[in-house]
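Look over the structure before reading on.

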Amino acid sequence: MARYIIKRILWILPILIGVITIVFFISALAPGDPAASLLGSTATQEEIDAMHHTLGLDQPLIKRWFDYIVAVFTRFDFGTSYVTRQPVLNDILVYFPVTVKLALAATLMGVVFGIPLGVLSALKQYTWIDSVILVMSVLFISLPNFWLAMMLLKVFAVNLSWVPSFGLDRPAGWILPILCAGLQSMTQNIRITRSSMLEVMRQDYIRTARAKGQKEGKIVTKHMLRNAMIPVATSIGSGLGNQLGGNMALESVFALPGLGNYIVKAITAINTPAMLGGILFVAIVFTLVNLCVDLSYVAIDPRLKTRVTGKKLSKKEMKKMLAEQGAV
Amino acid sequence: MAKLVTPEMEKINKRRMKRKNGKVARSTPMMDAWRRLIRNRTAVLGMAIIIVLLLMAVFAPLIAPYMYDEMDVMNMLKGPSSVHWFGTDNLGRDMFSRCVYGARITLPIAIFTVAVAVLTGGTLGVLCAYFGGQFDMIVMRILDVWGSIPGLMLSIAIVAALGNNMYVLVIGLSVGAVPNMARTFRGAIFTVVDSDYVEASRSIGAGNFSIMFKHLLPNAVGPVILAIVGLLGVEVLCVSTLSFLGVGVQPPTPEWGSLLSTSKEFLNSASYLCTFPGIFIVLSVLGFNLLGDGLRDALDPRLK
Amino acid sequence: MEKDREKNIPVVEVNDLVVHYETYDGVVEAVNGVSFQIKKRDVLGLVGETGAGKTTIALALMGLLPVPPSHIVQGSIKLDGEEIILPQNASKAQKAELEKKMREYRGKKISMIFQDPMTALNPVIPIGDQISEVIGLHEHCSKEEAEKKAVDMLEMVGIRPERYKDYPHQMSGGMKQRVVIAIALACNPELLIADEPTTALDVTIQAQVLDMMKDLRNRLGTAMMLITHDFGIVADICNKCAVVYAGEIVEYGTVEDIFDRPKHPYTIGLFESIPSLTKDVDRLKPVQGQTVDPNDLPEYCSFYDRCSKCMEKCKGCDPVLTEVAPGHFVKCIYAQKEE
């Protein structure tokens, strides 16, 4: 088990190098000269050249790429933002907490409401309860979250003035962002839970449980839920990962100082170090969350535990097993 | 015992008589799925929405009462009325016309994005499943790296770097979607390749070619279609999100997301400007999602 | 007095049971007017081809038919003289009451060994807990006692008690089947339904399982209904046998009746398709033709199209299950006339 975890954590290194490479060369394609835009239109050619030198832009691309990787892995130096002139990591640590709070609250809301509603919907298949939940969830999943955010702002902040329209200095400012992100996470969970439950409900072992004379309620909690949770765990995990990467559109509507907002600003301002560092950070978070999700399968499904603790586990096997269960 | 006829039987048989003159059709699984799709109200509603929106895109000049960029300084920021159904924006442009023309921007971008993502991702996935081994391992590792950057973020970075035009937008968005597509294709084919019935047909000496067309494709088609329809909805959302963030289609082109982005400032004063483009986004995503849900039920042979 | 009562009331009595599966594309007439009874100590073998409706009968007895699509159109099933099929217009409260009663019966009074051991066990629960679950439900004992009894059951079916905490995926098909059997036998049911209990097992374990079931009958007088394709098993353990074709019992009698004096052309055909040790035949004779489409049963005898003895008269009416010798019933005009 420990071996497996260590292996997975070590795997983050090549992922990061890959991510750096991809993003680095994409950003190298960007038009415009950061030095020129930093100095403004009055700058002379000498000033621009000097700026190139301080920013390291006079070095060949490959060397810059190599230096960056070395800096990241030896000094945790993600570069210095052109705009704030601060180490990117410091910037990120200012912006990240907002995103974390939002992501956790939304995921919590999604789990607390989404899973029970999904279970209810599956158990009441072919009744009006199922239809209502199903219609609501397909409707909510089709809403662009930034539009939902705008509509909620219009009603609750502009018309009713129940909540402030921006700013997080008052706790009420959190309500709408969390509601928007949470609704999205909730609908996702409802849909996955429902279809997973429907799949489990027709399994033979549920009939066996009935043949034992077990009560319906107990059959749901004891026999169905755990089996149905594997795809749900994937969904929760990828949802959380995505939210931690910054809910860009939502943060933009509510003007939240979050990671998504930071990265979008960096991209549009051709602030390459900030963008590289931001995306890199997101990739780390994403990979760690995925690792946690994979570990949670092991807790849910004893079949995987045997594979993981057993000596020969190749990632391929694990992937295949997960694919068999419709988890990937 | 004489044959027992129940009211339920009569009802079902009557329906059968009406349909096929009483004969049970010997149908292929695909035809079966189609019949089930057609009688699935969700799917039909979804298809109807999509068809209406596509028609709207094709016949935009006939439907829209004004040109999308026709300004009318006398009528700026006017609310919905009989002359301007959705009102006018800050430059006096008719919002209804802009929304109608928006279908010509958002939908094609989303559809082309999906096409590119399916072609590249699908090919990768199929090759992985076909060759397996080292090739599969390497490609999957690359996709792991690729997939650990959130798709939307990658798209934004590409679009920002390569400049704002439709082709770049399509490429940028599809790059974000490729890893998932590749995994879906690969997974779908792997599940089938490992199945007992392929083993069985191989054991009676069926050739690669016949296995490919008789077993692999038809059985892998379900999850793949579902993924494609699902992706269409997602990409409509992505196109508009990108434009909303100011990285995608730029104003004055009336893309729905970019319409929302401009209207954002008028949320207090003229909120109808924010309402209508959003409704069009919701409708198109809803259409694809409903179709997807209906397809999922129709393709599941167990839910006959 | 008590003895008499026990003798007279059958453990289960099925009368004119009709079950349909109603789907959008048509009605599958799975069970068409089946009647039989099983008394204490009786072992009834239900023999027939795949799709003949045997498992549907078993699920109806358990009250586990999935509704929809299945629909019990008519008939009665009495467990120990107690009706468990409600009239069509039963109220919700009646249904709930019956369901509550059935929950108490299932696993205790009547239990079932399912066909496919690979899927019948919950993959995320240790097998021991799956056995103790049924004990805890019906024996009203503490958790420890239930677990102790589950260990005993494991030993009885020949699995080492150390494997209590193992999960189904860690066991072979045969072992899983024994766990399924242990679950079914844990509460000493009065009626045991076994749906092809030995199909997944190799021959030595097959014999062990059958011995176990025989022992149960001898010790506790458990009534059993055994669903199988295998006449060998019927001969080994059953004393009554019913041959099922297209949802109907076409021949019913003691094992001796069926084996020594088969009357129905279908039964005869089945025996002719079994290889024999004593007779030397070049080719086995399969029953000609295909099973009739249960979506579209004929008005006349459903075996007509495959029957080697069919006559013009057979097309005119559907024969009735008739007693041709004491306790021996046949549903065939030809066989009845011959008598």
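Strands here are DSSP runs of E with at least two residues, helices are runs of H or I with at least four, and both are numbered from the N terminus. The model is predicted.

Q: In which loop of chain C does Glu196(C) lie?
A: Glu196(C) is not a glycine, yet its phi is positive, about 45°. On one side of its loop is β7 (191-195), and on the other is α8 (203-220). Glu196(C) therefore belongs to the β7-α8 loop of chain C.

Q: Is Glu196(C) buried, exposed or partly exposed?
A: Burial needs 20 or more other C-beta atoms within 10 Å, and exposure needs 12 or fewer. Glu196(C) has 19. So Glu196(C) is partly exposed.

Q: Is Phe76(A) buried or exposed?
A: Phe76(A) sits in the loop between α5 (61-75) and α6 (88-123) of chain A. Its phi is positive, about 50°, although Phe76(A) is not a glycine. Within 10 Å there are 9 other C-beta atoms, and the limit for exposure is 12 or fewer, so Phe76(A) is exposed.

Q: What is the handedness of the crossing of α5(B) and α12(B)?
A: Helix α5 (residues 95-131) and helix α12 (residues 272-299) of chain B have axes that come within 10 Å. They cross at roughly 35°. The crossing is right-handed.

Q: How many residues of the contact of α5(B) with α12(B) are charged?
A: From α5(B), the contact takes in Met95(B), Cys99(B), Gly102(B), Ala103(B) and Leu107(B). They meet Leu273(B), Phe276(B), Pro277(B), Phe280(B) and Ser284(B) of α12(B). Eight of the contact residues are nonpolar and two are polar; the charged ones number none.

Technical notes
Residues are numbered from 1 along each chain as its sequence is written. Chains are lettered from A and ligands numbered from 1 in the order in which they are written. This is a predicted model: local features need pLDDT of at least 70, side-chain atom pairs count only at pLDDT 80 or more; totals for chains, interfaces and linings use all residues. Axes are lines fitted to C-alpha atoms, for helices over the stretch in contact, and angles run from 0 to 180 degrees between N-to-C directions. A crossing is left-handed if the near helix is turned anticlockwise from the far one by less than a right angle, and right-handed if clockwise. Two residues are in contact if their C-beta atoms, placed from the backbone, lie within 7 Å. Ala, Val, Leu, Ile, Met, Phe, Trp, Tyr, Cys and Pro count as nonpolar, Asp, Glu, Lys and Arg as charged, and the others, Gly among them, as polar.
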